[in-house]
Amino acid sequence: MRKVTGIAIVGLAIVTAGVLLAAADAPPPWAYGFAGPAPATPPVAPAPGGRAGGPAAAAPAPDDGALKHLPGSSGAFTITQIRDAFGPADWYPGDHPTMPDVVAHGRRPDVRACSLCHYPNGKGRPENAGVSGLPVSYFLQTMADFRNGARKSADARKGNTNVMIAIAKGMTEDETKAAAEYFGSMKWTPWIKVVEAATVPIADRIIETPENVEATEVLRDARSGFIAYVPPGSVKRGEALVKSGGGGKTTQCSVCHGADLMGLGPVPGIAGRSPSYMVRQLYDMQQGIRKGVWSDLMKPVVANLTDADMLAIAAYTASR
């Protein structure tokens, strides 16, 4: 049984959690954006355009029609323009190459703009994925996995996984290739600061919170990063697992992901990426929820990892 206590802040969902018990084979709720295990009654699906993957959030503030601004940007957008799923605001067009139309605008009705969730620079947020710097072949395979049912989420409440499946199914081959080449052309630069927090009651979880809540949640500022609070000692424990395999428990990550963990050939980089995203992928692959070519290769690597091992690995890789 897993005991979870304290205050969990995953992405931006802030929930006070009492003492919760989960079955040993249940997904670690915090990594999927929840305070506790799934209830017996299936949750209501998130509203279209709403934030999926976390506890029910308050309705977004109505648009007052005023133009919003960000330091360092000449842009000015209303809340409606910032949230537009088929043409969200691009605050810093000079920070990235010219976006393909599918990245900038998507295509109605089901293909939302890639830049809405992953940002024009591909940084993403804890509930999504950081996609900049991914090998083109890996990106294409991942989209194929979403389309053919090989990639799902171990926690059925994480509704934005289903949104991604719909987007992948709706994109043409040319659109998928254009997005893959666009995001692959940009080098990944970490924007997550990892802090070992002895005074924060995080127990056996990681807390990811934005550096600036308004910039992230309201304005979707693609230059505003995140802080990941991890349990004391977890970075060192993760380093041992990543670098030496933990005495035979797993495989050294550098074998496939490179000595600097920034990727090797078609294998993606894992340094400096969201730790909750990392734990979700490790768990989904271990449980056979995430399948496909790359996932099959990872199965023996993750087979013997505990939830605590996954947390430690994610804490270390995020810190690189």
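Author: A residue is called buried when its relative accessible area is under 20%, exposed when it is over 50%, and partly exposed in between (1.4 Å probe, protein chains only). The model is predicted, so local features need pLDDT of at least 70 and side-chain atom pairs count only at pLDDT 80 or more, while totals for chains, interfaces and linings use all residues. Residues are numbered from 1 along each chain as its sequence is written, and side-chain values use heavy atoms, with hydrogens and water left out.

Leu 261 counts as buried because its relative accessible area is 4%. Its phi is near 60°, a positive value in a residue other than glycine. This is worth noting because most residues other than glycine have a negative phi. Leu 261 sits in the loop between helix 10 (254-257) and helix 11 (275-286). Helices here are DSSP runs of H or I with at least four residues, and they are numbered from the N terminus.

Tyr 119 is another residue that is not a glycine but has a positive phi, of about 70°. It lies in the loop between helix 4 and helix 5. With a relative accessible area of 1%, Tyr 119 is therefore buried.

The remaining place concerns a peptide bond. Most peptide bonds are trans. The bond that joins Arg 108 and Pro 109 is cis, with omega about 10°. Pro 109 belongs to the loop between helix 3 (101-104) and helix 4 (114-118).

Key:
Helix = DSSP H or I, 4+ residues; strand = E, 2+ residues; numbered from the N terminus.
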